[in-house]
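Here are my notes on this two-chain model. Please read them beside the coordinates.

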Amino acid sequence: MSQDDIKEYLPLTEATYYIMVALSEPLHGYAVMQEVEKISEGTVRVGPGTLYGVFTTLEKEGLIVKVKEEERRKSYTLTPKGRAVLLSQVKRLGIMNRNGLAVSDRLSPERRNVAGGT
Amino acid sequence: MENALVKKFKWFWAWQDEAEEAWLGEMSKKGYHLSSVGVAGIYTFFIDEPRDYVYRLDYRMFPKKDKQEYLQLFRDAGWEYIGEMSAWQYFRKHAKQGEANEIFTDAESKIAKYTRILTFLGFFWIVLVAVLVGRISRISVDNPYPWWGVIDGIQLFTFLVFLLFTYIIIRLATRIRQLKRL
């Protein structure tokens with residue numbers, strides 16, 4: 001798959017990103033909700049309506065695949081295409097993070113306005 | 001003892017779903033708890049002690065086998081399913097501090113919900129336009145009567161439904177625009 005195909009899916013929303021990270025191993029819906037809340041340190045919560053929508057879209061786009069079904073609970077995991085998309089997003093986030101950190105000392109609330117403010 | 005049941009009619013438009021959720025919550029605070037939904041705005045409530053419930057509405061149409069998985073996901077997350085009324089899916093849970101009381105947790109999924117309604121209405125809107133255009137095109141150029149002379153009851157009705165659908169579509173599009181600004 002070419003880089004252009006991958007770019008079509010980026011950037012992922014925060015919810016989609018965390019859901020895909022959680023699906024690096026097979027998990028069913030509710031387990032994904034718990035995992036996302038845990039790994040995001042409580043910053044991201046995914047409601048069942050949002051999760052169902054993301055599952056439907058990702059499955060349709062071939063980024064995740066159903067691997068198991070028990071008592072109406074389906075488990076999904078990333079496809080090779082899904083892994084490539086997630087990896088590409090992780091790289092972009094790394095660049096974003098480095099850029100933010102590079103200016104972080106200028107972002108402190110105590111800092112006075114350089115452009116002639118108070 | 002069997003709890004008393006009360007039927008109530010209440011209409012709401014597609015862009016007023018959040019107000020509807022709030023209203024159902026208020027009813028529960030008064031001791032009227034939604035027990036089932038019927039067709040065209042007919043609700044059945046059971047009367048019991050007042051409770052603090054959160055009600056949430058989704059809009060979805062799907063085959064039965066997909067619905068099983070969907071409902072299981074909501075049940076696992078602590079939501080009780082009440083029923084479906086013209087593709088509106090009704091859920092509730094006990095309101096708890098510090099707990100997730102939303103079924104949609106980002107703007108994207110809320111926008112997707114309104115887009116599903118728009119797609120459904122848009123289909124009928126196109127059909128209505130086709131019907132209206134078909135009727136108008138049949139008006140002959142050398143018709144001796146003025147144009148309003150050819151408007152019959154059915155045409156007027158179709159036109160009014162067309163206006164109503166257009167209005168609903170505009171309201172929903174406005175709602176989506178608001179969400180996109182967040």
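1. Start with the largest pocket. Helix 4 of chain A gives the largest share of its lining, nine residues. The pocket has a volume of about 630 Å³. Of its 29 lining residues, the closest to the centre are A:Gly53, A:Val54, A:Thr56, A:Thr57 and A:Leu58. Two elements give two or more residues to the lining: helix 4 of chain A and helix 3 (107–137) of chain B. By class, the lining has twelve nonpolar, nine polar and eight charged residues. (Ala, Val, Leu, Ile, Met, Phe, Trp, Tyr, Cys and Pro count as nonpolar, Asp, Glu, Lys and Arg as charged, the others, Gly among them, as polar.) Helices (H or I, at least four residues) and strands (E, at least two) are DSSP runs, numbered from the N terminus.

2. On provenance: this is a predicted model, where local features need pLDDT of at least 70, side-chain atom pairs count only at pLDDT 80 or more, and totals for chains, interfaces and linings use all residues. Residues are numbered from 1 along each chain as its sequence is written, chains are lettered from A and ligands numbered from 1 in the order in which they are written, and side-chain values use heavy atoms, with hydrogens and water left out.

3. Next, the cavity. The structure holds one cavity of 30 Å³ or more. The largest cavity has a volume of about 80 Å³. Its lining includes A:His28, A:Tyr30, A:Phe55, A:Arg72, B:Glu69 and B:Asp76. Helix 2 of chain B supplies the largest share, four residues. The lining divides into three nonpolar, three polar and five charged residues. On a 1 Å grid over the protein atoms alone, a cavity is a set of points where a 1.4 Å probe fits but cannot get out; a pocket is an open set with protein on both sides within 12 Å along at least five of seven lines; lining residues have an atom within 4 Å of a point. Grid points are joined across faces, edges and corners, and a volume is the space filled by probe spheres set on the points.

4. Helix 2 and helix 4 of chain A pack at about 70 degrees, with axes 10 Å apart. They are therefore roughly perpendicular (65 to 115 degrees). Axes are lines fitted to C-alpha atoms, for helices over the stretch in contact, and angles run from 0 to 180 degrees between N-to-C directions. The contact (heavy atoms within 4.5 Å) includes A:Ile19 and A:Met20 of helix 2, and A:Leu51 and A:Phe55 of helix 4. It has seven nonpolar, two polar and no charged residues.

5. Which residues of helix 3 (residues 29–39) of chain A are buried? They are A:Gly29, A:Ala31, A:Val32, A:Met33 and A:Val36. Buried means under 20% relative accessible area, exposed over 50%, partly exposed in between (1.4 Å probe, protein chains only). Their cover includes helix 2 (64–76) of chain B.

6. B:Leu24 lies in helix 1 (residues 17–29) of chain B. At 0% relative accessibility, B:Leu24 is buried. Among the residues that B:Leu24 touches are B:Leu34, B:Phe45 and B:Tyr90.

7. Check the backbone. Most residues other than glycine have a negative phi, and most peptide bonds are trans. A:Leu10 and A:Pro11 are joined by a cis peptide bond, omega about -5 degrees. A:Glu71 has a positive phi near 45 degrees; A:Glu71 is exposed at 66% relative accessibility. B:Ser86 has a positive phi near 35 degrees.

Technical notes:
Parallel < 35°, antiparallel > 145°, perpendicular 65-115°, else oblique. Lists of a residue's contacts leave out its neighbours within four places in sequence.
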